[in-house]
Amino acid sequence: MNSPVSETANFTLNSAAVTVTTSPSGLLVSVDHGAPQAAPINASWVIGSQHTIATSSPQTAPGTIYTFSKWSDNGAISHTVNTPGSPVTYTATFSTQYQLTTAVSPTGSGTVTPGSGGYYAAGIKVNLKAMPSAGYSFKSWTGNVASASSASTTITMSAPEIVTANFT
(Lines give C-alpha, C1' and ligand atoms only; values in the text may rest on other atoms or scores of the structure.)
Protein backbone atom coordinates (compact mmCIF):
# COMPACT_ATOMS: atom_id res chain seq x y z
CA MET A 1 0.00 0.00 0.00
CA ASN A 2 1.23 3.46 -0.91
CA SER A 3 1.34 6.14 1.74
CA PRO A 4 0.25 9.68 0.93
CA VAL A 5 3.07 11.99 -0.13
CA SER A 6 3.13 15.59 0.97
CA GLU A 7 5.27 18.05 -0.91
CA THR A 8 5.62 21.78 -0.54
CA ALA A 9 6.57 23.94 -3.48
CA ASN A 10 8.29 27.24 -2.78
CA PHE A 11 8.02 29.96 -5.40
CA THR A 12 9.78 33.28 -5.23
CA LEU A 13 8.39 36.02 -7.38
CA ASN A 14 11.11 38.48 -8.17
CA SER A 15 9.51 41.88 -7.91
CA ALA A 16 10.58 45.48 -7.73
CA ALA A 17 9.07 48.42 -5.86
CA VAL A 18 7.71 50.96 -8.33
CA THR A 19 6.52 54.51 -7.66
CA VAL A 20 4.61 56.56 -10.22
CA THR A 21 4.53 60.20 -9.17
CA THR A 22 4.32 63.80 -10.39
CA SER A 23 6.20 67.06 -10.01
CA PRO A 24 4.56 69.07 -8.59
CA SER A 25 3.21 66.31 -6.38
CA GLY A 26 -0.38 65.16 -6.13
CA LEU A 27 -1.43 65.44 -9.77
CA LEU A 28 -3.29 62.63 -11.53
CA VAL A 29 -1.61 59.55 -13.00
CA SER A 30 -2.84 56.09 -13.98
CA VAL A 31 -1.30 52.64 -14.20
CA ASP A 32 -2.40 49.92 -16.62
CA HIS A 33 -5.31 52.01 -17.92
CA GLY A 34 -6.87 52.25 -14.47
CA ALA A 35 -8.77 55.25 -13.18
CA PRO A 36 -6.59 58.34 -12.66
CA GLN A 37 -5.39 58.74 -9.07
CA ALA A 38 -3.54 61.45 -7.20
CA ALA A 39 0.18 60.65 -7.22
CA PRO A 40 2.10 58.90 -5.88
CA ILE A 41 1.03 55.37 -6.76
CA ASN A 42 3.21 52.70 -5.13
CA ALA A 43 3.26 49.14 -6.45
CA SER A 44 5.28 45.95 -6.54
CA TRP A 45 5.68 44.63 -10.07
CA VAL A 46 7.20 41.37 -11.27
CA ILE A 47 10.62 42.04 -12.75
CA GLY A 48 10.41 42.11 -16.55
CA SER A 49 6.64 42.65 -16.64
CA GLN A 50 5.20 45.41 -18.81
CA HIS A 51 2.90 48.13 -17.53
CA THR A 52 1.36 51.28 -18.95
CA ILE A 53 1.84 54.56 -17.11
CA ALA A 54 -0.08 57.66 -18.14
CA THR A 55 -1.18 61.12 -17.15
CA SER A 56 -3.38 63.80 -18.69
CA SER A 57 -2.79 67.39 -19.70
CA PRO A 58 -3.75 70.00 -18.87
CA GLN A 59 -4.78 69.45 -15.28
CA THR A 60 -6.32 72.32 -13.35
CA ALA A 61 -6.90 73.57 -9.84
CA PRO A 62 -8.53 76.89 -8.92
CA GLY A 63 -6.36 79.59 -10.54
CA THR A 64 -3.73 77.08 -11.67
CA ILE A 65 -3.01 75.16 -14.88
CA TYR A 66 -0.55 72.24 -14.98
CA THR A 67 0.75 71.26 -18.43
CA PHE A 68 2.58 67.96 -19.01
CA SER A 69 6.26 68.43 -19.90
CA LYS A 70 7.87 64.97 -19.75
CA TRP A 71 8.27 61.66 -17.95
CA SER A 72 11.56 61.00 -16.15
CA ASP A 73 12.21 58.13 -18.61
CA ASN A 74 11.41 60.45 -21.57
CA GLY A 75 8.38 58.38 -22.54
CA ALA A 76 5.21 59.77 -24.15
CA ILE A 77 2.31 61.04 -22.03
CA SER A 78 1.04 57.41 -22.04
CA HIS A 79 3.59 54.66 -22.59
CA THR A 80 4.68 51.14 -21.69
CA VAL A 81 7.52 50.47 -19.25
CA ASN A 82 9.38 47.26 -18.45
CA THR A 83 9.85 46.59 -14.75
CA PRO A 84 13.58 46.72 -13.97
CA GLY A 85 15.38 44.52 -11.45
CA SER A 86 15.56 47.22 -8.78
CA PRO A 87 13.26 49.86 -7.26
CA VAL A 88 12.32 52.62 -9.70
CA THR A 89 10.39 55.90 -9.68
CA TYR A 90 8.70 57.28 -12.79
CA THR A 91 7.96 61.01 -12.46
CA ALA A 92 5.66 63.03 -14.73
CA THR A 93 6.88 66.65 -14.71
CA PHE A 94 4.45 69.51 -15.35
CA SER A 95 4.92 73.22 -15.97
CA THR A 96 2.76 75.45 -13.80
CA GLN A 97 0.88 78.62 -14.67
CA TYR A 98 -0.98 80.84 -12.22
CA GLN A 99 -3.91 83.18 -12.83
CA LEU A 100 -3.58 86.92 -12.21
CA THR A 101 -6.82 88.66 -11.24
CA THR A 102 -6.73 92.47 -11.41
CA ALA A 103 -9.33 94.96 -10.20
CA VAL A 104 -9.80 98.67 -9.47
CA SER A 105 -11.36 100.41 -6.49
CA PRO A 106 -13.68 102.21 -6.58
CA THR A 107 -15.33 100.75 -9.67
CA GLY A 108 -14.81 102.93 -12.75
CA SER A 109 -11.96 104.93 -11.19
CA GLY A 110 -9.30 103.61 -13.56
CA THR A 111 -7.86 100.64 -15.41
CA VAL A 112 -5.10 98.10 -14.86
CA THR A 113 -2.84 96.44 -17.39
CA PRO A 114 -2.65 93.61 -17.93
CA GLY A 115 -6.35 92.91 -17.77
CA SER A 116 -7.79 90.38 -15.36
CA GLY A 117 -7.75 86.61 -15.84
CA GLY A 118 -4.49 85.88 -17.66
CA TYR A 119 -2.25 82.93 -16.77
CA TYR A 120 1.51 83.30 -16.29
CA ALA A 121 4.34 80.82 -15.80
CA ALA A 122 5.38 80.15 -12.22
CA GLY A 123 8.23 82.45 -11.16
CA ILE A 124 7.71 85.08 -13.86
CA LYS A 125 7.49 88.78 -12.97
CA VAL A 126 4.45 90.47 -14.49
CA ASN A 127 4.55 94.23 -15.07
CA LEU A 128 1.51 96.03 -13.67
CA LYS A 129 0.34 99.53 -14.51
CA ALA A 130 -2.53 101.46 -12.93
CA MET A 131 -4.06 104.28 -15.00
CA PRO A 132 -6.60 106.60 -13.33
CA SER A 133 -9.76 107.78 -15.06
CA ALA A 134 -10.42 111.52 -15.36
CA GLY A 135 -10.91 113.07 -11.92
CA TYR A 136 -9.05 110.29 -10.06
CA SER A 137 -5.45 109.75 -8.98
CA PHE A 138 -3.55 106.58 -8.11
CA LYS A 139 -3.36 105.87 -4.36
CA SER A 140 -1.91 102.35 -3.84
CA TRP A 141 -2.00 98.66 -4.71
CA THR A 142 -3.58 95.95 -2.58
CA GLY A 143 -1.95 92.56 -3.08
CA ASN A 144 1.49 90.99 -3.25
CA VAL A 145 3.15 93.63 -5.45
CA ALA A 146 6.79 94.78 -5.37
CA SER A 147 5.90 98.44 -4.66
CA ALA A 148 2.43 99.20 -3.30
CA SER A 149 2.89 102.97 -3.69
CA SER A 150 3.98 103.01 -7.36
CA ALA A 151 1.43 103.05 -10.21
CA SER A 152 3.91 100.90 -12.21
CA THR A 153 5.13 97.83 -10.34
CA THR A 154 5.58 94.06 -10.68
CA ILE A 155 4.22 90.90 -9.15
CA THR A 156 6.03 87.55 -9.09
CA MET A 157 3.70 84.67 -9.89
CA SER A 158 4.20 82.07 -7.17
CA ALA A 159 0.51 81.26 -6.72
CA PRO A 160 -2.81 82.57 -8.08
CA GLU A 161 -2.67 86.30 -7.33
CA ILE A 162 -5.28 89.02 -6.85
CA VAL A 163 -4.27 92.68 -7.00
CA THR A 164 -6.35 95.84 -6.80
CA ALA A 165 -5.35 99.33 -7.92
CA ASN A 166 -6.85 101.83 -5.50
CA PHE A 167 -7.69 105.34 -6.71
CA THR A 168 -8.90 108.50 -4.92
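**Close-up views of a predicted model**

**View 1. His51, a buried residue.** His51 counts as buried because its relative accessibility is 13%, where buried means under 20% relative accessible area, exposed over 50% and partly exposed in between (1.4 Å probe, protein chains only). The residue belongs to strand S5; strands (E, at least two residues) and helices (H or I, at least four) are DSSP runs, numbered from the N terminus. The side chains of His51 and Ser49 are joined by a polar contact of 2.9 Å. Such a contact is a pair of N or O atoms within 3.5 Å; within protein, one must be able to donate a hydrogen and the other to accept it, and residues adjacent in sequence count only if both atoms are side-chain atoms. Apart from neighbours within four places in sequence, His51 is in contact (heavy atoms within 4.5 Å) with Asp32, Trp45, His79, Thr80, Val81 and Thr83.

The model is predicted: local features need pLDDT of at least 70 and side-chain atom pairs count only at pLDDT 80 or more, while totals for chains, interfaces and linings use all residues. Residues are numbered from 1 along each chain as its sequence is written, and side-chain values use heavy atoms, with hydrogens and water left out.

**View 2. The open sheet that includes S5.** Four strands, in the order S3-S2-S5-S8, form an open sheet with antiparallel pairing; two strands pair if DSSP finds at least two bridges between them. Strand S3 (37–38) and strand S8 (78–82) are the edge strands, each pairing on one side only. Strand S2 (residues 28–31) is joined to strand S5 (residues 50–55) by three bridges. Ser30 has Ala54 as its bridge partner in S5.

View 3. Neither residue is a glycine, yet phi is positive in both: near 55° for Asp32 and about 65° for His33. Asp32 is partly exposed, at 37% relative accessibility, whereas His33 is exposed, at 65%.

**View 4. Two cis peptide bonds.** The bond from Ser57 to Pro58 is cis, with omega near 0°. Pro58 is placed in the loop between S5 and strand S6 (59–61). A cis peptide bond also leads from Ser105 to Pro106, with omega near -5°. Pro106 is in the loop between strand S9 (88–105) and strand S10 (110–113).
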